[in-house]
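Please look over the sequence and the model shown here before reading on.

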Amino acid sequence: MYKLTYSPASPYVRKVRLAGYLCGLNDQIELLNPGHEIHIKMKSNNPLGKIPVLMTPNNQYVFDSRVIIELLNDVSGKLYPSDNNKKIVLTNAALAEGLIDASLLYVYSIRYAGDQKPSEVWQNFQLTKIENTLDYLDKNVLNNFDPSNLFISHIGLIVALDYLNFRKICDWKIKTKNLDSWHKKVSDSLPGYQETFPKDPS
Ligand SMILES: N[C@@H](CCC(=O)N[C@@H](CS)C(=O)NCC(=O)O)C(=O)O
């Protein structure tokens with residue numbers, strides 16, 4: 001069995017879980033809640049103190065989410081295409097990752113502001129990245145995405161879009177009609193979509 005540090009709200013954990021579903025390894029990944037002794041031990045193996053961390057059946061610790069996903073692809077060969085389209089898929093996955101990063105930085109600007117008001121300059125800096133990327137995806141990239149041929153780029157973008165809604169960062173559906181219909185098609189065909197939908201820890 002693989003073991004994975006779990007949080008129901010983490011977009012990076014969700015990416016790994018959806019990758020597990022897509023490559024048929026989900027049943028072999030045990031989720032460990034934040035209070036679990038082994039979760040704490042696994043997390044402490046990442047000096048950055050971030051999740052996800054995966055423990056392999058050989059007791060190797062692997063982070064971050066991109067490396068874990070590469071490992072799952074090594075095992076299954078199902079998360080990236082092996083032909084020339086791999087670069088396109090990786091570039092789209094990098095864009096999705098940037099959306100997730102900017103969203104989390106926005107959320108953390110509030111969560112870690114302490115007694116201070118969050119910096120509007122910083123928040124607008126992140127919102128501009130988010131809006132520019134959504135606009136770019138709506139105009140340029142989505143035609144290349146085939147929902148019947150799912151890869152890590154689809155997972156990344158689905159996770160990013162749902163996280164933007166979950167944290168009420170921006171209402172992207174109003175402005176990006178192509179993206180909205182892409183989201184509907186892909187989320188309908190992505191295994192594990194409902195099971196991994198983000199929620200606050202109980
Ligand atoms: N690049 C990392 C980012 C992971 C990350 O930032 N995870 C968040 C949870 S969603 C975290 O652990 N935050 C705690 C912290 O930054 O200390 C990855 O892809 O795994």
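The model is a predicted one. A search of the whole structure finds 10 salt bridges. Two packed helices are described by the angle between their axes and the distance between the axes, and both values are given below for each helix pair.

**Helix α1 against helix α6**

- Helix α1 covers residues 11-22 and helix α6 covers residues 152-166; the two pack with their axes 9 Å apart, at an angle of about 140 degrees.
- Angles over 145 degrees count as roughly antiparallel and those from 65 to 115 as roughly perpendicular, and α1 and α6 are therefore oblique to each other.
- The crossing in which α1 passes α6 is right-handed.
- On the α1 side, the contact is made by P11, R14, K15, L18, A19 and L22.
- On the α6 side, I152, I155, G156, I158, V159, D162 and Y163 take part.
- By class, the residues of the contact of α1 with α6 are 9 nonpolar, 1 polar and 3 charged.

**Helix α1 against helix α4**

- Helix α1 also packs with α4, at an angle of about 150 degrees and with the axes 10 Å apart.
- Since angles over 145 degrees count as roughly antiparallel, α1 and α4 are therefore described as roughly antiparallel to each other.
- In this contact, P11, Y12 and K15 of α1 meet E97, I100, D101 and L104 of α4.
- The contact of α1 with α4 comprises 4 nonpolar and 3 charged residues, with no polar ones.

**L99 in helix α4**

- L99 lies in helix α4, which spans residues 85-111.
- L99 counts as buried because its relative accessible area is 1%, and buried means under 20%.
- Leaving aside its neighbours within four places in sequence, L99 is in contact with I130, T133, L134, L137, L157 and A160.

**Salt bridges between individual pairs**

- K3 and E30 form a salt bridge in which the closest N and O atoms are 3.0 Å apart.
- This pair links distant parts of the chain, 27 residues apart: K3 belongs to strand β1 (residues 2-5) and E30 to strand β2 (residues 29-32).
- E30 counts as partly exposed because its relative accessibility is 30%.
- E131 and K175 are joined through their side chains by a salt bridge with an N to O distance of 3.9 Å.
- Distant parts of the chain are linked by this pair as well, with E131 in helix α5 (residues 120-141) and K175 in helix α7 (residues 172-175), 44 residues apart.
- E131 is partly exposed, at a relative accessible area of 37%, whereas K175 is exposed, at 61%.
- A salt bridge also connects the side chains of K117 and E120, at 3.0 Å from N to O.
- K117 is exposed, with a relative accessible area of 63%.

**A salt-bridge network**

- K15, D64, R66 and E97 are linked in a network of salt bridges.
- Two members of this network, K15 and E97, are also among the residues through which α1 and α4 meet.
- K15 is one of the α1 residues in the contact with α6 as well.

Technical notes:
Residues numbered from 1 in each chain as written. Predicted model: local features only at pLDDT ≥ 70, side-chain atom pairs only at ≥ 80, totals over all residues. Heavy atoms only, no water. Salt bridge = Lys/Arg side-chain N within 4 Å of Asp/Glu carboxyl O. Helix = DSSP H or I, 4+ residues; strand = E, 2+ residues; numbered from the N terminus. Buried < 20%, exposed > 50% of the residue type's maximum accessible area, 1.4 Å probe, protein only. Axes fitted to C-alpha atoms, helices over the stretch in contact; angles between N-to-C directions. Parallel < 35°, antiparallel > 145°, perpendicular 65-115°, else oblique. Left-handed = near helix turned anticlockwise from the far one by under 90°. Contact = heavy atoms within 4.5 Å. Nonpolar A, V, L, I, M, F, W, Y, C, P; charged D, E, K, R; others polar.
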